[in-house]
Amino acid sequence: MFRVSPLKRVFAQVWKQGHGSQCCLGVAGPRRIHSCSVLGAKNPSSKHKNIRCVIFDMGGVILPNPLGVFQEFEVSNNLPEGTLLSVIKDRGDKGAWALLEKGAYTSSEFVEHFGQECSEKVGYNVNVSDLLPKFHYNPSVKPHPQIIDLIQCVRAEGFLTALLTNNWLIHPTHSFLPLDRSLFDVIIESAVVKCRKPDPRIYEICLKQLRMNPQQAVFLDDIGINLKSAKQLGIDTIKVTNPDQAVQDLEKLLGLSLQGYLKGTISVPERLRFSRENLTTYLTESLNLPHPGTLPHIRLFKHGMSNPTFYLKFGDNELVLRKKPPGKLLPSAHAVDREFRVMKAMEEQHVPVPPMLGMCDDTSVLGTEFYVMGLVPGVLYLDALLPNKSDNERHNIYTAMIDALCKIHSVDIGKANLDSFGKKDNYMKRNFSRWMKQYENSKTEEIPAMNEIIKWISENLPEKGTTTVVHGDFRLDNLIYSDKSDDVLAVIDWELSTLGDPLSDLATCCFMYYVPSRLPILPGLSDVALTQYGIPSIDQILTQYCSTRNIPPIENWNFYVIYTFFRFAAILQGVYKRATVGQSTNTQAESTGKYVKLLAQLGVQLINNPKRKPQAPSLSEFPVGRRAFSTSASSGYRQTPISPQQHQPGANSPNLVKSPMPLFVASLSPRVQGLHEQVKEFVSEHVLPLEPVFLQHLTSDKRWTPFEPVEKLKVKAKQEGLWNLFMPLNIDTGAQYGAGLTNVEYTFLCELMGTTQLAPEVFNCSAPDTGNMEVLVKYGTEDQKKKWLTPLLDGTIRSCFAMTEPQVASSDATNIESSIVRDGNHFVINGRKWWTSGAMDPRCRICIFMGKTNPKGPKHAQQSMILVPMDTEGVNILRPLTVFGYDDAPVGHGELVFQDVRVPVENLLLGEGRGFEIAQGRLGPGRIHHCMRLIGMAERALSLMITRSSNRVAFGKPLSEQGLVQAAIAESRIDIDQARLLVLKAAHMMDTVGNKAAAGEIAMIKVVAPNMAARVIDRAIQIHGGAGLSSDFPLASMYSWARILRLADGPDEVHLQTVAKLERKKHR
């Protein structure tokens, strides 16, 4: 997240989410940061301790009051001022406006009836057909930025947020809600729940979905009668007259600062607060910044455990302030004055650092010493593997890191006026003595491994060494890179800088090469196949450093690495000790002390085996200090990447990495959690709102043409790095073609895509293209990849897969009758195929065709696969096939005839007789993708089921209170969770033991998932009644897909046979 805190949160990786946060002491503009937890989320700080959620009205609170639109309409239609509001009030709950807001009227019905009401009011005909469009397309109907800022601040403090609005339906499945839905945990719309404010029922519905009592909520609205109704239920209320007043009143109620939101920051806790007036005086008088007329907004960067670091918004200036923490401190710790001095000197010597604005040592100003610097926009890489970067980019980023370090070590100490910054002799001995004292002062128990490593260091201290400026904590995640290049813009966290041995800096930088990727507090690279990622090896790093600085090779390198193990362990001990006395700004710092033993043990391993990288012991001995939500204590952090050798089918090597199987999103790596949040937001904000528009597209004369809004979203998804997420790491070992995810990591993202038919294509993760791309990656030649894989990966073309034939039972691939006959430099293809998904798409350019090249050969060596361009003469599309009446335009399922189709021999995949082998390799991953999406589909069906049953009343009570409905909900949850666990197991096995060894699990999920989804969707349809069968809801289409997938990629019976065979084999 935001990495603005200093060295002693070396191990703050425990709490970081994501891998590439845009920031550096703050960033103006969008930030690619995604977090599912914040400081204080479990116990929000509030003067009203009971309040846990904030409920917002839309019009008049978040959006401008609708009276402005009414007045504009009245002026343009020559109506007396106040006509519309008068009609609405006079007609009350039986009027057209109220019926529109309760979902009883469609837009067209509203226009008719409201027009009549207005005409009766003024005595002449009034046409109101353009009233609602004035809301829908009015550029002035935009959220108040102060309120959006307020909502974000509220969420950052851990409060739930809800939107409770009287609005209307634009379309049966699409409402007027021009807001970012991800800002709210719960959204209650009158037109959806069929009742409107001030009806008490709508507040009760909101509270029920929030799972809160009235006393735990506060409600903001601009209409007194709505507030009165809420107050009668026991809800705290705030009447909104303008945005600024709303912010101030909520701040007063909650006792929090709720302005100046910056992702990664929280309201400043009481113990860290200081005088804004004094700060304003300093900024204006000492730094000569213009006074904006208001006090600065101040927020605390939530990650970090040493010097508190604050984000300041002072007029147009965005600044960062770092200060010593309050309380009794260890000697020489938290030296912000030294940090400022060296950074200012580095700035003058053209070393990349943030702009340094001023240092204040007058403790009467803010209570402790502090300094102020400017913001540096850029990207901070928290994951050493640099996901979503190309091999070349990774190499350049690491090279730039070492170049930046060399710049620091090449600074002329005298020219930088840093001669007095530290002693120039015996640095390692003095530094060791210093950390020994720090460790002894913060020690809470005897640690034998620490005693052993301390003894070894004291006996092996280098006698000589050069002296340069040393950063003290130089690491990849203390560097801010340009988001447009691989240049380092700023080196941050200089708290431990001094004059000393530059190799200590280099060892700190390279520490990640000596710790394993599964280490929760600081995932490293020691067990990663670096060549697969384009990351330089440790030898290459050392060579670059020595060459750039023109020094000889380093002979005693291991000493510096072992010393770094000791120093980091000592730092952790200090973090732990400070947490026990309440001086840490991070509430989770206490748990990090438990890793002191682990680092010390790794250091001792290197002492005993200097040529072997340390191996971490079982991490179950070192809990993080909170529930890990998984079967493994190391869950929640990056999965260990698996080498290609470990991925070989049937691999049974004792060195095979047995990564823990993640069960929840929280047990994924920070980077994948970030991707999950991105995909979730993208689907919610951009894809789901397109469903009603897509429905209109399907009933138009352009239904067999690409849906333009999806094409635009593809561009956006690609720009945000949400592209080709499906390509598994066991196929794409160097992440050359995809996002570098394992199958089990992609499972969680694919589930989100399954919630709507449009999502997979948006992310270039839709069948049959995914399977075809995997085939080309695994089996294609370089020429085939260049011609067909590249445009498929770019999303500029689509493809199809022709295997199933109408004349034979194609569930047995050996039955395939289509022929592929060699004729000189060509193959001649003849055959009839159907259920060729994607063939109807006008963008379909290539077909992977399966046929027989040797009908008399061995049973599983008769078939071959070949690439057939769709514009080849003799390829004829007969018709689109339908499923329960759905033809799935514009992609479709085609029936095709291939008549004397000639393609070059170079189009053959892998070789003659290898088709069955390719088919098995292709269908395994494809089957699991289908199952992942089915789980997402079932989750949405369950959500629709609950919403519908909560909002519909029959026989005097909501459907959700009927016993049979409750049983349907409970059984659906059980079904979904069981299926998900089995899918996760299959994906995990594919990652760890290979697809062949996971064949049984893949077969199981291919039976379980479609049947499960069909049951859940069927229950949802039943609860929706006739509406569930209509196109107003996605359930009918979802049911058809669930039923299709009991046949697609092999019928249930074939997979059951596979499972039975494997079970029988176990008992032989």
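User: How many bridges join strand S11 to S12, and do they run parallel or antiparallel?
Analyst: In this predicted model, strand S11 (residues 309-314) is joined to S12 by six bridges, and the two strands run antiparallel.

User: What do S11 and S12 form, and how many residues are between them?
Analyst: The two strands form a hairpin with two residues between them, and in the turn Gly315 has a positive phi of about 65°.

User: Which strand does S12 pair with over five bridges?
Analyst: That is strand S14 (residues 370-374), which pairs with S12 in the antiparallel sense, and here Leu321 has Val372 in S14 as its bridge partner.

User: How many residues of S12 are buried?
Analyst: Five of the seven residues of strand S12 (residues 317-323) are buried, so this strand is largely enclosed by the rest of the structure.

User: Switching topic, what is the strand order in the open sheet of five strands?
Analyst: The order is S6-S3-S2-S7-S8, and the pairing is parallel. Strand S6 (186-189) and strand S8 (236-239) stand at the edges with a single partner strand each, so one side of each is left without a neighbour in the sheet. On average, neighbouring strands of this sheet are turned by 20° against each other, if direction is ignored.

User: Which helix packs on that sheet?
Analyst: Helix H9 (residues 224-232) does, touching strand S7 (217-221) and S8, and the direction of H9 makes about 170° with that of S8.

User: And what joins S2 to S3?
Analyst: Four bridges join strand S2 (residues 53-56) to strand S3 (residues 160-165), the two running parallel, and Val54 stands opposite Thr161 in S3.

User: Now helices: at what angle do H25 and H30 pack?
Analyst: Helix H25 (residues 743-753) and helix H30 (residues 963-992) pack at an angle of about 145°, and their axes are 8 Å apart. The residues making the contact include Val744 and Phe748 of H25, together with Val983 and Leu984 of H30. Sorted by class, this contact has six nonpolar, three polar and three charged residues.

User: Is helix H17 mostly covered or mostly open?
Analyst: Helix H17 (residues 502-510) is mostly covered, since nine of its nine residues are buried. At the start of H17, a side-chain oxygen of Asp501 reaches to within 3.0 Å of the backbone nitrogen of Leu503.

User: Last one: where is Asp473, and is it buried or exposed?
Analyst: Asp473 lies in the loop between strand S16 (468-470) and strand S17 (479-481), and Asp473 is buried, with a relative accessible area of 0%.

Key
Residues numbered from 1 in each chain as written. Predicted model: local features only at pLDDT ≥ 70, side-chain atom pairs only at ≥ 80, totals over all residues. Heavy atoms only, no water. Pairing = 2+ DSSP bridges. Axes fitted to C-alpha atoms, helices over the stretch in contact; angles between N-to-C directions. Contact = heavy atoms within 4.5 Å. Buried < 20%, exposed > 50% of the residue type's maximum accessible area, 1.4 Å probe, protein only. Polar contact = N/O pair within 3.5 Å; in protein donor to acceptor, adjacent residues only side chain to side chain. Nonpolar A, V, L, I, M, F, W, Y, C, P; charged D, E, K, R; others polar.
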